[in-house]
Amino acid sequence: MPDVGLKAYLMVAAALFSLGMGVVITRRNAIAVLCGVELILNGAALNFVAFNRYSAPAGRLDGQIFTIFIIILAAAEAAIALAILLNVFSITDSVLIDEADSLKE
Amino acid sequence: MGFQYANVLFGLLFGVAFVILNVAVLSRILAPRIKDPAKETTYECGEPAVGSAWVRFDMRFYTVALVFLIFEVEVAFLFPWAAVFHHFSKIGGLFAFLEVFVFVAILGVGLVYCWAKGDLEWVKSTSSGEAAVVPPAPRGELRAP
Amino acid sequence: MQLTGDRLSQIQDLLERGMLGFVPEIILSLAVIALLLCDLGRRRIRPAVPGWIAGLALGLAALWIVVNFPAGTSPLFGWLEGSVHKPLLVNDPFAAFFKLFVLAASLVVLPMCMQSPLLNKRSTSEFYALLVAASLGMLIMASSANLLMIYLGIEFASMASYLAVGYFKQDRRSSEAGLKYVIYGSVASGIMIFGLSLVYGLTGSLALDDLASTVTASGMNATALAVASILVFAGFAYKMAAFPMHFWCPDVYEGAPLPFTAYLSVASKAAGFAVCIRFLMAFGPEFRIRFTDYAGLPDGAGFGWKEIIAAASALSMSAGNLAALKQENIRRMLAYSSIAHAGYLLMGVAVLKPDDAGSEQFGALLFYFIVYFLMNLGAFFVVHLVTVRTGEETIESYKGLGRRAPFLAVALTTCLVSLLGIPPTGGFIGKLHLLSEVVEGGLIWLAVVAGINTAISAYFYFKLIKAIHLDKAKDESFPAVAISNRLLVAALVAPLLILGIFFAPVSEWTKGFGL
């Protein structure tokens, strides 16, 4: 199996990041926005793992460790965001961000 | 080099032809065709299908799922620790053990907190101490997005 | 990789020694656990108890830092490369300054929490646990010397803040503020983490120490590094509520529990600045993207951190001050004012230099931080006292405060005058120092922008001052303010006036905390 090289990983990661940003910018549904954030984080995690494999000094696992932290913090962040969102949903009956408009100038 | 891919191409062509032959041609010739309304419905584990698939789930599922998510993912921290712990056991390893013990203890505090607050119970008790009667989950249909 | 017994002992030694420098954080962690367990007892504890526990822990942590004030830089945790210690955290005067800053802000906010009628409606130890946890995250932010710790510290502080902002579960405004905060926050941290991954890839290390050496090394793709750093800066700007990521600020400040708004506007911002400054200083002063690498552009053209920060600074203050002009809610007005102040503070960051000669610049910046602490917390404290008594937050409701509550009115006026930056207050001296450093640093245009912005901001600060002192109130009555609260307000406002006249010792003192 030939090695696809660092560039391929970086391109996939950049694509994930761009897709995530696109979702974040265009979607009104808060849950969809959180999915977009998840894509961004996975892009970053892929970057870390790929860089660790290709360009870090031998024997160091910084990128791998960082990826574990990204996965765990992403889960924690998603849990907090969903908890707050559930609470907003039980008050306003909506998960659309632009309907959360009681704070306006 | 390029010749090796001929195998792949041949396999691919064969596979596509095989599927088309079976699904589109042989099944028409061989399979009996008896119409039955039950066959047309969605398969739901043998249960009769009720309503649309776009029902709103009970909020309590989410609470349990959130709690599960946190604890399940936190355990991932234990794997790297387990991978290096046997090295530390060579020099005693008490410190490494205590560190992970503290970590698990903090998780335990989180679990106890969750438990005592009643978030793990299906029928959550209210502050007055009586079990609240939670209405059944709404089965109303939600618009497909 | 084979771990030999020798190396293992080294690692264990680093961990054990690191624990000694980690005492304030350990105290706060224990306090968070204690506060959570407080909530579980069968008997209801008295509402003041969690507040005292939190206060005790924060006070102890602050005391420990004061007693063991670091004279130099001592690295904590991390790993050894040969004989070079690559730390995860560092204990230096700069970190200690910001740690004390954050702890002091939480200690000032505590009495506000304990008096807030909304907060005391239900069991509050959860809220104090979140407050202490946020402080713990900010302590880590202030001392992080590693990309991983930067990420962890920011996330730790953010997550506790998200929950504290949305703490009033029944209140629609608080919940929506929490939702906005968490959505903006997770997007910002996602962008930051992507930037961090690129920085890691370009430098091959997570240690900030390695950044400077690899940045100046030949063959470094400066453009890629610049893009990565700008992505990282987005995460910092979010914590600082500075220009590209400031949109959350007014909504969150309006909807959050008022004591926590005060806390966010001071502690969270300072921690964001601390981590940002440390990251920028790691690049070293030489970091510039030279356009001469590309054909067809004039020689020597290019930009570096200085220009990026200066642009963010100018845009923050303009965006903040212009939007503040039409605000009718005092919390939103103070939110936009805090965005503008992020701009003023960034102005000081733009001219920082990491060497010894830079202590002048650090002195001016940290002096402004002290002044900002006093004037912003002072203003929020008075707003808190008024809101608790009148239940209103509009500027309208401040009419005639001068006659209804002269003490509070004078205190709030002093804070506003200082926020505007006119003598004889600390705000004037602070801004003067900053502007002179900016002019000396060659960013004259930025100083001009800051001057114009100060003139613009005079409109809305004076609008409020006019409402307080000149307008007539509909209702002249005002419930009395307890002597303890008066003392606390005085403790915040009096130093502001003193710093306006007698500033030299403090501005000398702050020079010692540079990186």
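Predicted model: local features only at pLDDT ≥ 70, side-chain atom pairs only at ≥ 80, totals over all residues.
**Chain A, overall.** I went through the secondary structure of chain A and found three helices and zero strands. Along the sequence I read the pattern α-α-α. I then checked the dimensions. The C-alpha trace spans about 55 × 30 × 25 Å along its principal axes. For 105 residues, a compact globule would have a radius of gyration near 13 Å, whereas I got 18 Å for chain A. I also looked at burial: 40% of the 105 residues of chain A are buried.

**Chain A against chain C.** I listed the residues in this contact and got 39 from chain A and 37 from chain C. On the chain A side, helix 1 (6-26), helix 2 (30-54) and helix 3 (62-92) each give two or more residues. Helix 3 of chain A has the largest share of that side, with 16 residues. I sorted the chain A side by residue type and noted 27 nonpolar, nine polar and three charged.

**Nonpolar core.** I next searched for the largest nonpolar core and found 229 residues in it. The residues with the most contacts inside this core are V102(C), V132(C), A271(C) and V349(C). Helix 14 (residues 359-390) of chain C supplies the largest share of the core, 21 residues. Leaving out residues up to four places away in sequence, V349(C) touches F273(C), C276(C), I277(C), L280(C), I309(C) and L365(C).

**Chain B, overall.** I counted five helices and zero strands in chain B, in the pattern α-α-α-α-α. Of its 145 residues, I found that 1% count as buried. For contacts in chain B between residues at least 6 apart in sequence, I noted that 57% join residues at least 24 apart.

**Helix 1 of chain B.** I tested the length of this helix, residues 4-30. At 1.5 Å a residue, its 27 residues should span 39 Å, and I found its end C-alpha atoms 38 Å apart, which agrees. I also looked for a bend and found one of about 35° at N22(B). Is helix 1 of chain B buried or in the open? I counted zero buried residues among its 27, so helix 1 of chain B lies largely in the open.

Definitions and conventions:
Residues numbered from 1 in each chain as written. Chains lettered and ligands numbered in written order. Contact = placed C-beta atoms within 7 Å. Helix = DSSP H or I, 4+ residues; strand = E, 2+ residues; numbered from the N terminus. Nonpolar A, V, L, I, M, F, W, Y, C, P; charged D, E, K, R; others polar. Expected span 1.5 Å × (residues − 1). Bend = angle between axes of the 7 residues up to and from the residue. Buried ≥ 20, exposed ≤ 12 C-beta atoms within 10 Å, placed from the backbone. Core = buried A, V, L, I, M, F, W, Y, C linked by C-beta atoms within 7 Å. Rg over C-alpha atoms; globule rule 2.2 N^0.38 Å.
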